[in-house]
Amino acid sequence: MITLTINGLQVSVEEGTTLLEAARFLGFPIPTLCYMEGLSPYGACRLCVVEIGDGPQAKLVSSCTYPAEEGLQVRTASSRVIKARKMILELLLASCPQSKTIQDLAAKYEVRQQRFKQEYEDCILCGLCVRMCEEQMMAKAIGFRSRGENRSIGTPFDIKSDVCRLCGGCMYVCPACQLRCTYTEPEKAICGGCANLSPPCVEKEQFDDMMCYMDPCVACEIEKKEK
Amino acid sequence: MEKLTSTNNFNSLCDIITTSQEKPPTIVISAGTCGQASGANDLIRVAKREILSKKLSEKICLRITGCHGFCEMEPSVLIEPSRIFYPKVTPEDMAKVVESVKTGDVLEELLFVDSETGTRYEKQDDIPFFKKQVRTILAKNEKIDPIRIYNYIENGGYRSLVDTLEQGEPSRVITEIKDSGLRGRGGAGFPTGIKWDLLANQKNGSGKYLVCNADEGDPGAYMDRSVLEGNPHSIIEGMLIGAYATGATQGVIYVRKEYPLAIKHFIIALRQARELGFLGTNILDTGFSFDIDIVKGAGAFVCGEETALIHSIEGKMGEPRQRPPFPIQKGIQGKPTAINNVETWANIPVIIGDGAKKFKKVGVRNNAGTKIFSLVGKVKYTGLVEVPMGISIKEIVYDIGGGPSGKKNIKAVQTGGPSGGCIPTELFDTPISYDSLAKVGSIMGSGGMIVMDESTCMVDVAKYFTNFLKDESCGKCFTCRKGNQRLFEILDDFTHGRGEKEQLDLLEGLAHVIKDTTMCGLGQTAPNPVLSTLRYFRDEYKTHIDKKQCPAGVCKDLIHYRINDNCKGCGLCIKACPQNAISGKKKEKHVIDEDNCIKCGACISVCKFDAVSVT
């Protein structure tokens, strides 16, 4: 058992526990985007950063990947952490504003504006779809290609995959696709409608006739009314 | 070559190779990549032709080496033992040089002349560029032909390894390296002795790895290239000593693909070392086994980062991973791995041969030894310089580099490559050491030193390095990938006159968050060019934003080309302008149409009267 201190509270955890798991066990809230229980942690979104250490050596690390160490001092909401989270959320809103998951997170941490050039991307490269396909569906149909600005997710050489079973798991875990809209009044809807459904690699025509797996959504209600 | 099967064999070989006979005068031609690019191959051809046709093979030796460091004066020729130095030799003059060696004359008209003082220098060691250097590593490049292992042995090569094997105490080697205070020359400056101690303490189990990081991705840095091309055996010897000390079983050298000559020389060196018996199983009958594989990079700067390098060696995408666990605990294929830089390895035989005490005499406290810097940019004498730690920046730039190359004053120096920072002239008294450079907001890095003068725009510099890092980021961490893109966007706005006051604070805030939240060294140091230029040159940023002007005259959208009163109306610029933007009658002051002017600079280069002003 490893004993560490989180926000002043001592906790003992088993070896191999991550700081995120330990903090959530104690009830401290830490936002995540690319973390999902059941999939291996990746550390891409950087939202889960916490401050460890003391004095000038203190640094921020992603809590989802950092293993608990004996005697570690962890702070999940220091000013440095909050500043970082707000900037990361600004960057997320600047890239993918139509995602309700990101909107909710921004609202929760009181980020109401972003100061960058607005982009409308449909992928934040969190890698959840890749890990879902590899670890839970055992298909390994999609992966990361290239680096930096050109980094993308797709099948090898963009060739139609013969191991993809069209399970839709990749779409299900995608934060950019998640639109669990709960508004019943169409005028108050803030989501982008099902225009957000853009799975990384699977041909879209096959999904046209499939049922939207989400709960009845306002966009569908509006469409129905108009028909 | 017959394989050596014992340390006694080696001693006998040394006796045979090192003759006490006086060697005839030697013509040394530096033919590293820089030398060959400047025309050294022609000089070699002429030299060989002259020596053979005039039947001088018994009287004159020819030695072809790697880079000596005075790259501004390539292709250069050095005469041993007189140490006469001829810079920028042409093939036509080469025949004269060969003749002069035969007669023992000095060709005065071909000697190096200091353009400022007019002094003519005969011997290389008197030239100011060389005088303040302490050439522990680079001097060997002058003495050794990299593709001749006997040449290396003749100059004391492999002696440190054999002595180590004869003593038979691996822990003693680690103590010696620890005592020397050698710190990693790749940039982070981690004490090498401690790293080896940690590796030695790992359980042996299924093997341990030693890696030589020869990726050298920094633009403008080529120190490691000169050691790889000019003295590959020093790396092999260093790694063998390291393997013996730490119990490593396999070595890997990760070379960037863009160094074909280094790869070629290393392949030859490995082959010769194996033939002689220095690599393989049961080396010199001591029971010690070790061999080195070459793995080539594929053009990714991020693969210089140690965990990304390990992934690349394993055949995976060059993506860093979280540490802990550190490579010492879990490296290549999960086995304990120690990664060191080329220059660190090159220092190992020196420390074991001369002793830790002698090594520590050079340098300053906590920063022992020398460091090779690539001195480039707006300085008169560019090249590779090896200086003792503790020397001031001023001495390097002015005494060794010769001061500014143009008419403008020097403004700043960028150290540490794209991960480093800019240091303004006011701080040039700062001594070169890991700690003092970090204090002023830069880093030692792998040793790049770019000199900038008043015609360099610091906002443009920040933009250049941010662009580089944005392209080279692996893209995993959201803040590194998107953050660097956004940094570049804002800097791009500044340089095109679209900057707004609020963006300056946004730039700084974003830079700090990127530094804090990214996982690997690339992301953590990526904002350094921005942060250091903001720290020392904030006024330049403000001028770009508030006045929409570029004081250095670089950012094309913010400068104006205007013809001043020096114009004699000769019409040369009208003919030169690709946009037909200049008009004017003969002998009358010409005028540039600013709407069509693309600021290409053609008019400036043809004007003999300095009549084009850039404001």
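## A walk through chains A and B

Let's start at a loop: B:Pro81 sits between β3 (77-80) and β4 (84-86) of chain B. (Helices are DSSP runs of H or I with at least four residues, strands are runs of E with at least two, and both are numbered from the N terminus.) Before going on, note that this is a predicted model, where local features need pLDDT of at least 70 and side-chain atom pairs count only at pLDDT 80 or more, while totals for chains, interfaces and linings use all residues. Residues are numbered from 1 along each chain as its sequence is written, and chains are lettered from A and ligands numbered from 1 in the order in which they are written.

B:Arg83 counts as partly exposed because it has 15 C-beta neighbours inside 10 Å. (With C-beta atoms placed from the backbone, a residue is buried if 20 or more other C-beta atoms lie within 10 Å of its own, exposed if 12 or fewer, and partly exposed in between.)

Chain B has another cis peptide bond, joining B:Arg323 and B:Pro324, with omega at about 15 degrees. You'll find B:Pro324 in the loop between α14 (306-313) and β10 (337-341) of chain B.

Now step back and take in chain B as a whole. There are 26 helices and 21 strands in chain B, and its C-alpha atoms fill a box of roughly 85 × 65 × 40 Å along the principal axes. A compact globule of 615 residues would have a radius of gyration near 25 Å, and the 27 Å of chain B agrees with that. (The radius is taken over C-alpha atoms, and the globule rule is 2.2 Å times the number of residues to the power 0.38.) Of the 615 residues of chain B, 53% count as buried. Among the contacts in chain B with a separation of 6 or more, 71% come from residues 24 or more positions apart. (Two residues are in contact if their C-beta atoms, placed from the backbone, lie within 7 Å.)

How is chain B divided up? The domain assignment gives domain 1 (24-80 + 84-122), domain 2 (149-358), domain 3 (364-453), domain 4 (458-547) and domain 5 (560-614). (The bounds come from an automatic or database domain assignment.) The C-alpha centres of domain 1 and domain 3 of chain B lie 30 Å apart, and five residues of domain 1 of chain B are in contact with five residues of domain 3 of chain B. On the domain 1 side of that meeting in chain B there are three nonpolar residues, one polar and one charged. (Ala, Val, Leu, Ile, Met, Phe, Trp, Tyr, Cys and Pro count as nonpolar, Asp, Glu, Lys and Arg as charged, and the others, Gly among them, as polar.)

Is B:Tyr541 buried or exposed? It counts as buried because it has 22 C-beta neighbours inside 10 Å. Leaving aside neighbours within four places in sequence, B:Tyr541 is in contact with B:Val459, B:Phe494, B:Leu504 and B:Leu534.

And where do the two chains meet? 27 residues of chain B are in contact with 27 residues of chain A. On the chain B side, α19 (458-472), α20 (478-495) and α21 (501-517) each supply at least two residues, and α20(B) gives the largest share, eight residues. By class, the side of chain B that touches chain A has 10 nonpolar, eight polar and nine charged residues.

Over in chain A, strands β3 (residues 49-52) and β4 (residues 59-62) pair in the antiparallel sense over four bridges. (Two strands pair if DSSP finds at least two bridges between them.) A:Val49 has A:Ser62 in β4(A) as its bridge partner. β3(A) and β4(A) form a hairpin with six residues between them, and A:Gly53 in the turn has a positive phi of about 90 degrees. Last stop: A:Phe157, in the loop between β7 (152-154) and α5 (169-173) of chain A. A:Phe157 has a positive phi of about 55 degrees although it is not a glycine, and it is exposed, with 6 other C-beta atoms within 10 Å.
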